[in-house]
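Walk through this model with me.

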Amino acid sequence: MLGPLSLGVDAGECVCISGPSGAGKSQLLRAIADLDPHDGEVLLGGQPASSIKPYRWRARVGLLPPESHWWLPTAGGHFPGGTPVAPAELGLPEDIMDQPVERLSSGEKQRLALLRLLANRPQVLLLDEPTANLDPANTERAERVINRFRESGSAAVIWISHDPAQVARLGCRALRLADGRLQEQGVGA
Amino acid sequence: MILLSHADLSIAAAMVIMLALLSLRLQAGISRQLLVAALRTAVQLTLIGLVLKTLFANVHLGWISLMALFMLLVAGREVMARQERRFSGWWGYSIGTVSMFLSSFTVTVFALVVILGDSPWYAPQYAIPLLGMLLGNTMSGIAIALDRLTQSAWQQRGVIEARLILGARSGDAIADPRRQAIRSGLIPIINAMAAAGVVSLPGMMTGQILAGAPPVEAVKYQILIMFLIAAGTGLGTMSAVIIGSRRLFDDRQRLCLDRLRENQ
(Lines give C-alpha, C1' and ligand atoms only; values in the text may rest on other atoms or scores of the structure.)
Protein backbone atom coordinates (compact mmCIF):
# COMPACT_ATOMS: atom_id res chain seq x y z
CA MET A 1 0.00 0.00 0.00
CA LEU A 2 1.46 3.32 -1.07
CA GLY A 3 1.28 6.24 1.35
CA PRO A 4 0.56 9.76 0.22
CA LEU A 5 3.42 10.84 -1.99
CA SER A 6 4.14 13.53 -4.52
CA LEU A 7 6.51 13.49 -7.47
CA GLY A 8 7.13 16.03 -10.20
CA VAL A 9 9.21 15.31 -13.30
CA ASP A 10 10.14 17.96 -15.88
CA ALA A 11 10.10 17.42 -19.61
CA GLY A 12 13.43 15.95 -20.63
CA GLU A 13 14.23 15.02 -17.03
CA CYS A 14 15.10 11.53 -15.81
CA VAL A 15 14.19 10.26 -12.35
CA CYS A 16 15.41 6.94 -11.01
CA ILE A 17 13.46 5.08 -8.35
CA SER A 18 14.97 2.29 -6.31
CA GLY A 19 13.80 0.53 -3.20
CA PRO A 20 13.10 -2.89 -1.74
CA SER A 21 10.91 -5.38 -3.58
CA GLY A 22 7.26 -4.99 -2.74
CA ALA A 23 7.67 -1.32 -1.81
CA GLY A 24 5.21 -0.38 -4.55
CA LYS A 25 7.49 0.86 -7.34
CA SER A 26 5.63 -1.01 -10.08
CA GLN A 27 2.33 -0.11 -8.42
CA LEU A 28 3.30 3.57 -8.62
CA LEU A 29 4.10 3.33 -12.34
CA ARG A 30 0.87 1.43 -13.04
CA ALA A 31 -1.11 4.13 -11.23
CA ILE A 32 0.58 6.88 -13.26
CA ALA A 33 -0.22 4.96 -16.47
CA ASP A 34 -3.84 4.76 -15.22
CA LEU A 35 -3.93 0.97 -15.27
CA ASP A 36 -5.08 0.59 -11.67
CA PRO A 37 -7.66 2.63 -9.78
CA HIS A 38 -6.09 5.07 -7.31
CA ASP A 39 -7.04 8.11 -5.23
CA GLY A 40 -4.19 10.28 -6.44
CA GLU A 41 -4.05 12.91 -9.13
CA VAL A 42 -1.71 12.69 -12.10
CA LEU A 43 -1.12 15.69 -14.36
CA LEU A 44 0.62 15.92 -17.70
CA GLY A 45 1.54 19.46 -18.74
CA GLY A 46 -0.96 20.71 -16.16
CA GLN A 47 -3.80 18.57 -17.53
CA PRO A 48 -5.27 15.99 -15.14
CA ALA A 49 -5.49 12.41 -16.41
CA SER A 50 -9.23 12.41 -15.80
CA SER A 51 -9.70 15.11 -18.44
CA ILE A 52 -7.95 13.06 -21.14
CA LYS A 53 -9.42 9.93 -22.79
CA PRO A 54 -7.78 6.92 -21.15
CA TYR A 55 -6.33 5.50 -24.39
CA ARG A 56 -4.85 8.90 -25.32
CA TRP A 57 -3.38 9.21 -21.84
CA ARG A 58 -1.72 5.81 -22.05
CA ALA A 59 -0.34 6.49 -25.51
CA ARG A 60 1.28 9.65 -24.11
CA VAL A 61 2.32 8.20 -20.75
CA GLY A 62 4.00 5.01 -21.91
CA LEU A 63 4.69 2.21 -19.45
CA LEU A 64 7.27 -0.48 -20.10
CA PRO A 65 6.25 -3.36 -17.80
CA PRO A 66 8.88 -5.86 -16.60
CA GLU A 67 7.34 -8.58 -18.74
CA SER A 68 6.45 -8.08 -22.39
CA HIS A 69 3.40 -9.56 -24.11
CA TRP A 70 2.84 -10.21 -27.79
CA TRP A 71 -0.32 -11.02 -29.69
CA LEU A 72 0.78 -11.49 -33.28
CA PRO A 73 2.89 -14.36 -34.64
CA THR A 74 5.95 -12.32 -35.63
CA ALA A 75 7.70 -9.43 -33.89
CA GLY A 76 7.36 -7.25 -37.00
CA GLY A 77 3.55 -7.40 -36.86
CA HIS A 78 3.66 -5.30 -33.71
CA PHE A 79 5.37 -2.45 -35.56
CA PRO A 80 2.81 -1.26 -38.11
CA GLY A 81 4.65 2.05 -38.50
CA GLY A 82 8.16 0.61 -38.50
CA THR A 83 10.73 0.94 -35.73
CA PRO A 84 11.79 4.33 -34.35
CA VAL A 85 15.48 3.31 -34.36
CA ALA A 86 17.19 0.45 -36.18
CA PRO A 87 17.00 -2.80 -34.19
CA ALA A 88 20.78 -3.05 -34.55
CA GLU A 89 21.17 -0.05 -32.25
CA LEU A 90 19.84 -2.23 -29.45
CA GLY A 91 22.08 -5.11 -30.48
CA LEU A 92 19.23 -6.99 -32.17
CA PRO A 93 19.79 -9.02 -35.36
CA GLU A 94 18.56 -7.44 -38.61
CA ASP A 95 16.07 -10.23 -39.39
CA ILE A 96 14.46 -10.15 -35.94
CA MET A 97 11.22 -8.67 -37.26
CA ASP A 98 10.48 -11.85 -39.26
CA GLN A 99 11.13 -14.18 -36.35
CA PRO A 100 8.23 -15.92 -34.59
CA VAL A 101 7.81 -14.28 -31.19
CA GLU A 102 8.01 -17.54 -29.26
CA ARG A 103 11.55 -18.14 -30.49
CA LEU A 104 12.88 -14.86 -29.11
CA SER A 105 14.84 -14.76 -25.86
CA SER A 106 13.56 -12.74 -22.90
CA GLY A 107 16.31 -10.18 -23.46
CA GLU A 108 15.37 -9.78 -27.11
CA LYS A 109 11.72 -9.40 -26.20
CA GLN A 110 12.56 -6.80 -23.58
CA ARG A 111 14.46 -4.70 -26.11
CA LEU A 112 11.72 -5.14 -28.73
CA ALA A 113 9.13 -4.05 -26.15
CA LEU A 114 11.20 -0.90 -25.58
CA LEU A 115 11.27 -0.25 -29.34
CA ARG A 116 7.53 -0.85 -29.55
CA LEU A 117 6.93 1.68 -26.77
CA LEU A 118 9.23 4.30 -28.33
CA ALA A 119 7.43 3.87 -31.67
CA ASN A 120 4.38 5.39 -29.93
CA ARG A 121 6.44 8.57 -29.25
CA PRO A 122 5.18 8.96 -25.65
CA GLN A 123 5.80 12.20 -23.74
CA VAL A 124 6.51 10.26 -20.56
CA LEU A 125 8.41 7.00 -20.24
CA LEU A 126 7.69 4.81 -17.23
CA LEU A 127 10.40 2.15 -17.30
CA ASP A 128 10.07 -0.80 -14.93
CA GLU A 129 13.56 -2.29 -14.84
CA PRO A 130 14.01 -2.02 -18.60
CA THR A 131 17.46 -3.65 -18.60
CA ALA A 132 16.83 -6.46 -16.09
CA ASN A 133 17.39 -9.27 -18.60
CA LEU A 134 20.25 -7.65 -20.54
CA ASP A 135 24.00 -8.21 -20.55
CA PRO A 136 26.26 -5.16 -19.88
CA ALA A 137 26.79 -4.33 -23.57
CA ASN A 138 23.09 -4.39 -24.36
CA THR A 139 22.26 -2.56 -21.13
CA GLU A 140 24.52 0.24 -22.30
CA ARG A 141 22.90 0.26 -25.75
CA ALA A 142 19.42 0.45 -24.22
CA GLU A 143 20.49 3.30 -21.93
CA ARG A 144 21.89 5.18 -24.92
CA VAL A 145 18.70 4.76 -26.98
CA ILE A 146 16.48 5.82 -24.07
CA ASN A 147 18.63 8.86 -23.27
CA ARG A 148 18.63 9.95 -26.88
CA PHE A 149 14.85 9.58 -27.05
CA ARG A 150 14.50 11.61 -23.84
CA GLU A 151 16.74 14.41 -25.09
CA SER A 152 15.41 14.63 -28.64
CA GLY A 153 11.73 14.33 -27.72
CA SER A 154 12.07 16.10 -24.35
CA ALA A 155 10.33 13.16 -22.75
CA ALA A 156 10.12 12.83 -18.98
CA VAL A 157 11.49 9.49 -17.76
CA ILE A 158 10.79 7.59 -14.57
CA TRP A 159 13.16 4.66 -14.38
CA ILE A 160 13.01 1.87 -11.83
CA SER A 161 16.46 0.44 -11.29
CA HIS A 162 18.06 -1.73 -8.65
CA ASP A 163 21.57 -1.06 -9.87
CA PRO A 164 23.34 1.90 -8.16
CA ALA A 165 25.97 1.91 -10.93
CA GLN A 166 23.24 2.35 -13.52
CA VAL A 167 21.66 5.19 -11.55
CA ALA A 168 25.06 6.90 -11.37
CA ARG A 169 25.70 6.31 -15.08
CA LEU A 170 22.37 7.82 -16.06
CA GLY A 171 23.00 10.91 -13.96
CA CYS A 172 19.34 10.97 -12.90
CA ARG A 173 17.71 12.45 -9.88
CA ALA A 174 17.66 9.46 -7.54
CA LEU A 175 14.73 8.59 -5.32
CA ARG A 176 14.12 5.74 -2.97
CA LEU A 177 10.69 4.27 -2.37
CA ALA A 178 10.36 2.50 0.96
CA ASP A 179 7.58 2.18 3.54
CA GLY A 180 5.19 3.88 1.16
CA ARG A 181 7.28 7.07 1.00
CA LEU A 182 9.59 8.62 -1.60
CA GLN A 183 12.93 10.03 -0.44
CA GLU A 184 15.26 12.20 -2.47
CA GLN A 185 18.80 10.84 -2.62
CA GLY A 186 20.48 13.49 -4.74
CA VAL A 187 21.80 13.07 -8.27
CA GLY A 188 23.21 9.71 -9.26
CA ALA A 189 23.53 8.58 -5.64
CA MET B 1 -49.70 -42.92 -31.95
CA ILE B 2 -48.84 -45.81 -29.67
CA LEU B 3 -49.53 -44.79 -26.07
CA LEU B 4 -46.89 -45.77 -23.50
CA SER B 5 -47.88 -47.58 -20.32
CA HIS B 6 -46.08 -47.39 -16.97
CA ALA B 7 -44.76 -50.87 -17.66
CA ASP B 8 -43.15 -49.64 -20.91
CA LEU B 9 -41.33 -46.89 -19.04
CA SER B 10 -40.28 -49.31 -16.30
CA ILE B 11 -38.50 -51.46 -18.88
CA ALA B 12 -36.55 -48.40 -20.10
CA ALA B 13 -35.80 -47.45 -16.47
CA ALA B 14 -34.46 -50.94 -15.89
CA MET B 15 -31.87 -50.32 -18.58
CA VAL B 16 -30.62 -47.21 -16.75
CA ILE B 17 -30.45 -49.18 -13.50
CA MET B 18 -28.47 -51.90 -15.27
CA LEU B 19 -26.08 -49.25 -16.56
CA ALA B 20 -25.67 -47.90 -13.01
CA LEU B 21 -24.88 -51.40 -11.70
CA LEU B 22 -22.38 -51.91 -14.48
CA SER B 23 -20.61 -48.64 -13.75
CA LEU B 24 -20.59 -49.53 -10.05
CA ARG B 25 -18.79 -52.77 -10.92
CA LEU B 26 -16.32 -50.91 -13.12
CA GLN B 27 -15.81 -48.38 -10.30
CA ALA B 28 -16.50 -45.56 -12.72
CA GLY B 29 -17.82 -43.50 -9.78
CA ILE B 30 -20.70 -42.17 -11.82
CA SER B 31 -23.60 -44.45 -10.87
CA ARG B 32 -24.96 -42.13 -8.19
CA GLN B 33 -24.94 -39.13 -10.51
CA LEU B 34 -26.52 -41.24 -13.23
CA LEU B 35 -29.39 -42.36 -11.01
CA VAL B 36 -29.99 -38.88 -9.61
CA ALA B 37 -30.10 -37.44 -13.12
CA ALA B 38 -32.47 -40.18 -14.31
CA LEU B 39 -34.71 -39.55 -11.32
CA ARG B 40 -34.67 -35.82 -12.02
CA THR B 41 -35.68 -36.49 -15.61
CA ALA B 42 -38.67 -38.54 -14.47
CA VAL B 43 -39.81 -36.08 -11.81
CA GLN B 44 -39.18 -32.85 -13.75
CA LEU B 45 -40.79 -34.09 -16.95
CA THR B 46 -43.80 -35.49 -15.10
CA LEU B 47 -44.29 -32.15 -13.39
CA ILE B 48 -43.93 -30.20 -16.63
CA GLY B 49 -46.41 -32.59 -18.24
CA LEU B 50 -48.94 -31.72 -15.56
CA VAL B 51 -48.18 -28.01 -15.85
CA LEU B 52 -48.61 -28.09 -19.62
CA LYS B 53 -51.84 -30.01 -19.26
CA THR B 54 -53.20 -27.30 -16.95
CA LEU B 55 -51.84 -24.56 -19.20
CA PHE B 56 -53.48 -26.07 -22.26
CA ALA B 57 -56.78 -26.30 -20.40
CA ASN B 58 -56.67 -22.65 -19.30
CA VAL B 59 -55.23 -20.59 -22.13
CA HIS B 60 -54.38 -17.24 -20.57
CA LEU B 61 -51.49 -14.92 -21.40
CA GLY B 62 -50.78 -14.36 -17.70
CA TRP B 63 -50.21 -18.04 -16.96
CA ILE B 64 -48.06 -18.51 -20.05
CA SER B 65 -45.97 -15.45 -19.17
CA LEU B 66 -45.49 -16.79 -15.67
CA MET B 67 -44.31 -20.10 -17.07
CA ALA B 68 -41.98 -18.33 -19.52
CA LEU B 69 -40.55 -16.19 -16.71
CA PHE B 70 -39.90 -19.25 -14.59
CA MET B 71 -38.10 -20.96 -17.49
CA LEU B 72 -36.01 -17.84 -18.07
CA LEU B 73 -34.96 -17.50 -14.44
CA VAL B 74 -33.95 -21.15 -14.21
CA ALA B 75 -31.97 -20.85 -17.46
CA GLY B 76 -30.27 -17.74 -16.08
CA ARG B 77 -29.18 -19.63 -12.99
CA GLU B 78 -27.90 -22.44 -15.18
CA VAL B 79 -25.77 -20.05 -17.28
CA MET B 80 -24.23 -18.64 -14.12
CA ALA B 81 -23.52 -22.07 -12.66
CA ARG B 82 -21.69 -23.17 -15.82
CA GLN B 83 -19.04 -20.42 -15.58
CA GLU B 84 -15.67 -21.32 -14.21
CA ARG B 85 -15.03 -17.62 -13.62
CA ARG B 86 -18.16 -15.56 -13.50
CA PHE B 87 -18.90 -11.92 -12.96
CA SER B 88 -19.30 -11.22 -9.27
CA GLY B 89 -22.46 -9.92 -7.72
CA TRP B 90 -25.69 -9.29 -9.57
CA TRP B 91 -23.88 -9.13 -12.93
CA GLY B 92 -23.06 -12.84 -12.86
CA TYR B 93 -26.74 -13.61 -13.06
CA SER B 94 -28.06 -10.72 -15.10
CA ILE B 95 -25.71 -10.73 -18.11
CA GLY B 96 -26.87 -14.19 -19.17
CA THR B 97 -30.51 -13.71 -18.17
CA VAL B 98 -30.93 -10.36 -19.89
CA SER B 99 -29.24 -11.65 -23.05
CA MET B 100 -31.47 -14.73 -23.09
CA PHE B 101 -34.53 -12.58 -22.58
CA LEU B 102 -33.53 -10.25 -25.42
CA SER B 103 -32.82 -13.05 -27.85
CA SER B 104 -35.10 -16.01 -27.04
CA PHE B 105 -38.20 -13.99 -26.24
CA THR B 106 -37.83 -11.67 -29.21
CA VAL B 107 -37.30 -14.53 -31.65
CA THR B 108 -40.11 -16.63 -30.14
CA VAL B 109 -42.68 -13.83 -30.16
CA PHE B 110 -41.64 -12.88 -33.68
CA ALA B 111 -42.04 -16.48 -34.88
CA LEU B 112 -45.40 -16.89 -33.12
CA VAL B 113 -46.88 -13.67 -34.44
CA VAL B 114 -45.35 -13.36 -37.90
CA ILE B 115 -44.56 -16.91 -39.01
CA LEU B 116 -47.05 -19.19 -37.28
CA GLY B 117 -49.84 -16.65 -36.87
CA ASP B 118 -52.10 -18.85 -34.69
CA SER B 119 -54.83 -17.19 -32.68
CA PRO B 120 -54.33 -16.35 -29.96
CA TRP B 121 -50.65 -15.84 -30.84
CA TYR B 122 -49.61 -17.19 -27.43
CA ALA B 123 -51.36 -20.56 -27.88
CA PRO B 124 -49.37 -22.70 -25.42
CA GLN B 125 -49.16 -25.68 -27.76
CA TYR B 126 -46.77 -23.63 -29.92
CA ALA B 127 -45.47 -20.96 -27.54
CA ILE B 128 -44.11 -23.18 -24.77
CA PRO B 129 -42.25 -25.79 -26.87
CA LEU B 130 -40.82 -23.07 -29.13
CA LEU B 131 -39.62 -20.98 -26.22
CA GLY B 132 -38.26 -24.07 -24.52
CA MET B 133 -36.16 -25.10 -27.50
CA LEU B 134 -34.91 -21.58 -28.03
CA LEU B 135 -34.08 -21.00 -24.38
CA GLY B 136 -32.31 -24.34 -24.07
CA ASN B 137 -30.06 -23.71 -27.05
CA THR B 138 -29.49 -20.03 -26.35
CA MET B 139 -28.61 -20.92 -22.78
CA SER B 140 -25.90 -23.33 -23.95
CA GLY B 141 -24.52 -20.82 -26.44
CA ILE B 142 -24.40 -18.00 -23.91
CA ALA B 143 -22.93 -20.21 -21.20
CA ILE B 144 -20.15 -21.43 -23.49
CA ALA B 145 -19.44 -17.97 -24.86
CA LEU B 146 -19.32 -16.21 -21.48
CA ASP B 147 -17.16 -18.96 -20.04
CA ARG B 148 -14.79 -18.60 -22.97
CA LEU B 149 -14.76 -14.81 -22.67
CA THR B 150 -13.88 -14.70 -18.99
CA GLN B 151 -11.37 -17.55 -19.28
CA SER B 152 -9.54 -15.98 -22.22
CA ALA B 153 -9.60 -12.54 -20.63
CA TRP B 154 -8.01 -14.09 -17.56
CA GLN B 155 -5.41 -16.03 -19.51
CA GLN B 156 -4.65 -13.18 -21.90
CA ARG B 157 -4.68 -10.43 -19.28
CA GLY B 158 -1.02 -9.65 -20.02
CA VAL B 159 -1.74 -9.14 -23.70
CA ILE B 160 -4.87 -7.11 -23.02
CA GLU B 161 -2.97 -4.77 -20.70
CA ALA B 162 -0.03 -4.59 -23.11
CA ARG B 163 -2.41 -3.34 -25.78
CA LEU B 164 -4.02 -0.86 -23.37
CA ILE B 165 -0.57 0.41 -22.43
CA LEU B 166 0.19 1.10 -26.07
CA GLY B 167 -2.93 3.24 -26.36
CA ALA B 168 -5.53 0.74 -27.57
CA ARG B 169 -9.16 1.34 -26.69
CA SER B 170 -10.65 -1.30 -24.41
CA GLY B 171 -12.76 -2.67 -27.26
CA ASP B 172 -9.68 -3.25 -29.41
CA ALA B 173 -7.65 -4.66 -26.52
CA ILE B 174 -10.30 -7.34 -25.86
CA ALA B 175 -11.06 -8.00 -29.55
CA ASP B 176 -9.39 -11.44 -29.65
CA PRO B 177 -11.14 -12.94 -26.59
CA ARG B 178 -14.41 -11.43 -27.75
CA ARG B 179 -14.12 -13.01 -31.19
CA GLN B 180 -13.15 -16.39 -29.72
CA ALA B 181 -16.12 -16.23 -27.33
CA ILE B 182 -18.68 -15.46 -30.04
CA ARG B 183 -17.28 -18.21 -32.26
CA SER B 184 -17.38 -20.85 -29.56
CA GLY B 185 -20.95 -19.91 -28.65
CA LEU B 186 -22.12 -20.31 -32.23
CA ILE B 187 -20.20 -23.43 -33.23
CA PRO B 188 -22.67 -25.95 -31.67
CA ILE B 189 -25.67 -24.66 -33.67
CA ILE B 190 -23.57 -24.36 -36.85
CA ASN B 191 -22.46 -27.97 -36.41
CA ALA B 192 -26.02 -29.07 -35.66
CA MET B 193 -27.29 -27.42 -38.84
CA ALA B 194 -24.48 -28.89 -40.91
CA ALA B 195 -25.07 -32.42 -39.60
CA ALA B 196 -28.88 -32.28 -39.52
CA GLY B 197 -30.46 -35.12 -41.42
CA VAL B 198 -27.13 -36.59 -42.47
CA VAL B 199 -25.54 -37.60 -39.21
CA SER B 200 -28.35 -36.90 -36.77
CA LEU B 201 -32.12 -36.79 -36.96
CA PRO B 202 -33.15 -33.77 -34.90
CA GLY B 203 -35.27 -34.56 -31.85
CA MET B 204 -38.26 -32.38 -32.56
CA MET B 205 -38.70 -33.71 -36.09
CA THR B 206 -38.34 -37.27 -34.86
CA GLY B 207 -40.94 -36.54 -32.20
CA GLN B 208 -43.42 -35.22 -34.71
CA ILE B 209 -42.90 -38.25 -36.94
CA LEU B 210 -43.37 -40.56 -33.96
CA ALA B 211 -46.60 -38.71 -33.21
CA GLY B 212 -47.80 -39.44 -36.73
CA ALA B 213 -47.06 -36.21 -38.60
CA PRO B 214 -46.15 -36.49 -42.30
CA PRO B 215 -42.33 -36.45 -42.59
CA VAL B 216 -42.22 -33.54 -45.03
CA GLU B 217 -44.28 -31.36 -42.66
CA ALA B 218 -42.11 -32.38 -39.73
CA VAL B 219 -39.02 -31.47 -41.74
CA LYS B 220 -40.41 -27.99 -42.46
CA TYR B 221 -40.93 -27.41 -38.74
CA GLN B 222 -37.44 -28.63 -38.02
CA ILE B 223 -35.92 -26.25 -40.55
CA LEU B 224 -37.91 -23.40 -39.04
CA ILE B 225 -36.73 -24.32 -35.55
CA MET B 226 -33.09 -24.65 -36.62
CA PHE B 227 -33.15 -21.18 -38.15
CA LEU B 228 -34.88 -19.69 -35.13
CA ILE B 229 -32.35 -21.33 -32.83
CA ALA B 230 -29.47 -20.02 -34.93
CA ALA B 231 -30.91 -16.51 -34.81
CA GLY B 232 -31.68 -16.69 -31.09
CA THR B 233 -28.34 -18.19 -30.15
CA GLY B 234 -26.43 -15.73 -32.30
CA LEU B 235 -28.30 -12.73 -30.93
CA GLY B 236 -28.02 -13.93 -27.32
CA THR B 237 -24.37 -14.88 -27.58
CA MET B 238 -23.40 -11.59 -29.15
CA SER B 239 -25.28 -9.46 -26.66
CA ALA B 240 -23.90 -11.45 -23.70
CA VAL B 241 -20.34 -11.18 -25.01
CA ILE B 242 -20.68 -7.47 -25.76
CA ILE B 243 -22.14 -6.69 -22.31
CA GLY B 244 -19.57 -8.99 -20.66
CA SER B 245 -16.56 -7.57 -22.46
CA ARG B 246 -17.62 -4.04 -21.49
CA ARG B 247 -18.06 -5.09 -17.90
CA LEU B 248 -14.43 -6.27 -17.85
CA PHE B 249 -13.32 -2.62 -18.00
CA ASP B 250 -14.11 0.35 -15.77
CA ASP B 251 -14.87 3.91 -16.82
CA ARG B 252 -11.14 4.60 -17.33
CA GLN B 253 -10.91 1.51 -19.56
CA ARG B 254 -8.79 -0.40 -17.03
CA LEU B 255 -8.98 -4.17 -17.13
CA CYS B 256 -10.93 -5.13 -13.98
CA LEU B 257 -10.42 -8.85 -13.45
CA ASP B 258 -11.41 -8.36 -9.80
CA ARG B 259 -14.95 -8.23 -11.16
CA LEU B 260 -14.66 -11.97 -11.79
CA ARG B 261 -14.78 -14.66 -9.16
CA GLU B 262 -14.13 -18.34 -9.35
CA ASN B 263 -17.12 -20.63 -9.09
CA GLN B 264 -16.71 -23.21 -6.36
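Helix α3 of chain B covers residues 61–81. Helices here are DSSP runs of H or I with at least four residues, strands are runs of E with at least two, and both are numbered from the N terminus.

This is a predicted model: local features need pLDDT of at least 70 and side-chain atom pairs pLDDT 80 or more, while totals for chains, interfaces and linings use all residues. Residues are numbered from 1 along each chain as its sequence is written, chains are lettered from A and ligands numbered from 1 in the order written, and side-chain values use heavy atoms, without hydrogens and water.

An α-helix has 3.6 residues a turn, so residues three or four places apart point the same way.

Now turn to the partner chain. In chain B, 15 residues are in contact (heavy atoms within 4.5 Å) with 22 residues of chain A. B:Ile165, B:Leu166 and B:Arg252 lose the most accessible area (1.4 Å probe) to chain A, together 40% of what that side buries. Between the two chains the count is 3 salt bridges (Lys or Arg side-chain nitrogen within 4 Å of an Asp or Glu carboxyl oxygen). A:Asp34 forms a salt bridge with B:Arg252, with the closest N and O atoms 2.8 Å apart.

Notes
The expected span of a helix is 1.5 Å times one less than its number of residues. Buried area is the accessible area (1.4 Å probe) that two parts lose on being put together, summed over both.
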